[in-house]
Structures are given as structure tokens and as C-alpha cells.
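Thanks for coming, everyone. I have one structure for you today. Please take a look at it first.

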Amino acid sequence: METLSITRHAVLATAPVTVMLPVLNLERARQFYEQALGLHPIGLQADGKFEYGCGSNNGTVIALFPKPNATPADHTALSFEVPDITAAIQELQQHGVQFEDYDLPGLKTVNHICVLGAEKAAWFKDPEGNYLCIHQNVG
């Protein structure tokens, strides 16, 4: 097997990340991200997107951008790493978050949680249909 030579580019390795999520109804989405998820609002930007800071020191930004005829992704758009997935599920449910349950080959949830190798994961949708996830590393 050939070994690939990897050149690391520091410009991206240390760059903050912004996750862009399309929304049809910005107000409905904002209510969910602020009230149900408890994210810290940064504010409305000149281009019309609304940003939230999250992660340590708000180093990650989630940007909701209004898009006519927005089509949510049919896969996980973003995942939040949590230290205790069971406690996180309970807290989010208290704020109205409804978790998805699956019983598929290779993907089965028990109490909303699926064990995937060295991580546990649980999924839910935002009001715009975007799939979001919480996960806990256990390995």
C-alpha cells in the first residue's frame, strides 16, 4: 500500500468553523435554537443570516440563512459533543426537543441512543427539517 504524503495547511487547521444551515422560516428556527437548544445569539448579519456562537469560547458558529425553497439535508448537518448523552437528552426534552428513533440494519436506538463503535449518538430535527445530533465519545 502506498503511503500518502500529507502537507498540513495551518490556515485551515486553526481556522474557526461556521456551519451553514438553510431555513425557510428564520423566526421559527431562531426560537428553536435559542429556547430549545439554548445557543448564544451573536446576531443578525448584513447578508441576512443569523449567527449563534457555541463550543468553547464560542469558537464554532452556527449560521441560519433564510433560503426560499430550502431543502434540508437528508443526513446529519451537525453534531454537538456532550459529556453525558443521557443527561443531555433529558435536558433537551424538557425544552421540547423530540428525538428520533431508528430500527434499521446497523442503526438501532434504545432510549433514543445508538451505540456506534466508540461513541453514542442521538438525533433530532430542527423545525426546518435539518438533522442535528448529540454524541458522546465513550472509547
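How many positive and how many negative side chains does the protein chain have, and how far apart do the centres of the two sets lie? There are 8 positive and 15 negative side chains, with the two centres 3 Å apart.

A word on the source. This is a predicted model, where local features need pLDDT of at least 70 and side-chain atom pairs count only at pLDDT 80 or more, while totals for chains, interfaces and linings use all residues. Residues are numbered from 1 along each chain as its sequence is written, and side-chain values use heavy atoms, with hydrogens and water left out.

Now the fold. The protein chain has three helices and ten strands. Those are DSSP runs, numbered from the N terminus: helices are H or I with at least four residues, strands are E with at least two. From the N terminus, the order is α-β-α-β-β-β-β-α-β-β-β-β-β. The C-alpha atoms fill a box of roughly 50 × 40 × 30 Å along the principal axes.

Next, burial. Of the 139 residues in the protein chain, 36% are buried. Buried means under 20% relative accessible area, exposed means over 50%, and partly exposed is in between, with a 1.4 Å probe and protein chains only.

Cys-54 is in none, and its nearest cysteine sulfur, in Cys-133, is 14 Å away. Cys-54 is buried at 12% relative accessibility. Cys-133 is buried too, at 4%.

Last stop, His-135. Where is His-135 placed? In strand E10, residues 131-137. His-135 is buried, with a relative accessible area of 12%. Its side chain makes a polar contact of 2.6 Å with the side chain of Ser-79. A polar contact is a pair of N or O atoms within 3.5 Å; within protein, one must be able to donate a hydrogen and the other to accept it, and residues adjacent in sequence count only if both atoms are side-chain atoms. Setting aside neighbours within four places in sequence, His-135 is in contact (heavy atoms within 4.5 Å) with residues including Phe-80, Val-82, Ile-85 and Glu-119.

Key:
Lys and Arg count as positive and Asp and Glu as negative; His and the chain ends are not counted. The place of a charge is taken as NZ of Lys, CZ of Arg, CG of Asp or CD of Glu. A disulfide is a pair of cysteine sulfur atoms within 2.5 Å.
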